[in-house]
Amino acid sequence: MAVIIHGRSKEKCDRTMKQIADRCRRSLNREPDLSVSVFDLSTHEQVHKMIKHVQQHNIKLDVLILNAGVLLPERTVTSDGLETTFAVNHLSQFHLTTRLLSSGNLSSCCRIIVVSSHIRSWQAIDFEDLQCEKNYGNFVAYLRSKLANVWFTYALARRLQETEHSIPRKVVHCMEPGVIQTKLLQGITDGPSCGSAGFEGQPVEDGAFVAVWLATTQDPQVIQESGNYFTCTKKCVKEVGKLGQDQQGQEKLWRTSEDIIANFESQL
């Protein structure tokens with residue numbers, strides 16, 4: 001199995017690749033097939049370049065884990081004029097996935113894994129203030145992006161179900177990693193901070209547990225079904241709350257996201 005490690009810092013990607021390689025040599029006594037892909041997903045141009053990189057190298061992805069995320073201390077906008085949390089945590093993932101899907105770079109049995117959060121339904125998405133220009137809080141922006149992850153998963157699952165009929169087939173699932181000790185945990189300035197309350201969260205390895213399981217398991221709920229939500233204990237949850245299951249909201253977010261991306265592509 002070949003693994004492509006994405007990040008916006010080559011130094012961090014290389015360090016991660018070395019850590020994985022060292023562990024594989026110690027535990028499995030084998031040399032892993034690893035490479036890095038360095039792109040800043042906050043801009044349409046960089047996402048577009050990443051898509052072109054995959055296309056030009058004729059890469060077929062069997063698993064796509066969407067885990068890009070930021071939680072910033074104050075409101076910032078990208079070079080495209082978009083609020084950064086929305087751009088990175090949702091729009092880049094929408095852009096990357098939909099275009100790799102349409103270009104045929106996702107294998108016939110590809111598993112698309114969207115990383116959301118157990119706080120996915122704490123905050124509604126305000127389509128009248130999608131870029132948080134009127135009312136910004138870094139925790140609120142993050143909460144909205146985690147709901148967007150769930151909505152994207154369900155909207156994409158419906159579209160895959162219309163085209164994917166044989167098994168194995170392309171599937172998409174959403175998951176929550178749990179409360180994990182990362183920089184995001186310490187960055188909340190306008191909401192409850194686990195870090196400031198003395199709770200440091202679980203190790204990063206624990207946060208990767210469900211994503212790795214979803215990428216490798218032969219569980220029928222993963223390979224035969226699509227659009228499921230999995231907790232940090234691998235429990236499949238069919239009901240994620242009224243807000244998460246708002247189909248009208250899901251479709252409106254899809255159309256809005258598609259319009260933003262199409263507008264960018266028209267300028268290429």
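Which side chains meet in a salt bridge with an N to O distance of 2.7 Å? In this predicted model, the side chains of Arg 158 and Glu 251 do so. Arg 158 belongs to helix H4, which covers residues 138-163, whereas Glu 251 belongs to helix H8; the pair therefore ties together parts that lie 93 residues apart in sequence. With a relative accessibility of 22%, Arg 158 is classed as partly exposed. Glu 251, at 18%, is classed as buried, because the limit for a buried residue is under 20% relative accessible area.

The general principle behind such pairs is simple. Side chains of opposite charge can pair when their charged atoms come close. Across the whole structure, a search finds 11 salt bridges, and two further examples are described below.

Helix H8 also takes part in the next example. Arg 99 and Glu 265 meet through their side chains in a salt bridge, with 2.9 Å from N to O. Arg 99 is located in helix H3 (residues 84-102) and Glu 265 in helix H8 (residues 247-265), so this pair ties together parts that are 166 residues apart in sequence. On the arginine side, Arg 99 is buried, at 14% relative accessibility. On the glutamate side, Glu 265 has a relative accessible area of 28% and is partly exposed.

The other example lies within a single helix. Asp 22 forms a salt bridge with Lys 18, and the closest N and O atoms of the two residues are 2.9 Å apart. Both residues are in helix H1 (residues 10-28); because they are 4 residues apart there, about one helical turn separates them. Asp 22 counts as partly exposed, with 23% relative accessibility. Lys 18 has a relative accessibility of 53% and therefore counts as exposed, since the exposed class begins over 50%. The pair also belongs to a network of salt bridges, in which Lys 18 and Asp 22 are linked with Arg 25 and Glu 31.

Thr 43 is situated in the loop between strand S2 (33-38) and helix H2 (44-56). Is Thr 43 buried or exposed? Its relative accessible area is 14%, so Thr 43 is buried. When residues up to four places away in sequence are not counted, Thr 43 touches Ser 79 and Asp 80.

Definitions and conventions. Residues numbered from 1 in each chain as written. Predicted model: local features only at pLDDT ≥ 70, side-chain atom pairs only at ≥ 80, totals over all residues. Heavy atoms only, no water. Salt bridge = Lys/Arg side-chain N within 4 Å of Asp/Glu carboxyl O. Helix = DSSP H or I, 4+ residues; strand = E, 2+ residues; numbered from the N terminus. Buried < 20%, exposed > 50% of the residue type's maximum accessible area, 1.4 Å probe, protein only. Contact = heavy atoms within 4.5 Å.
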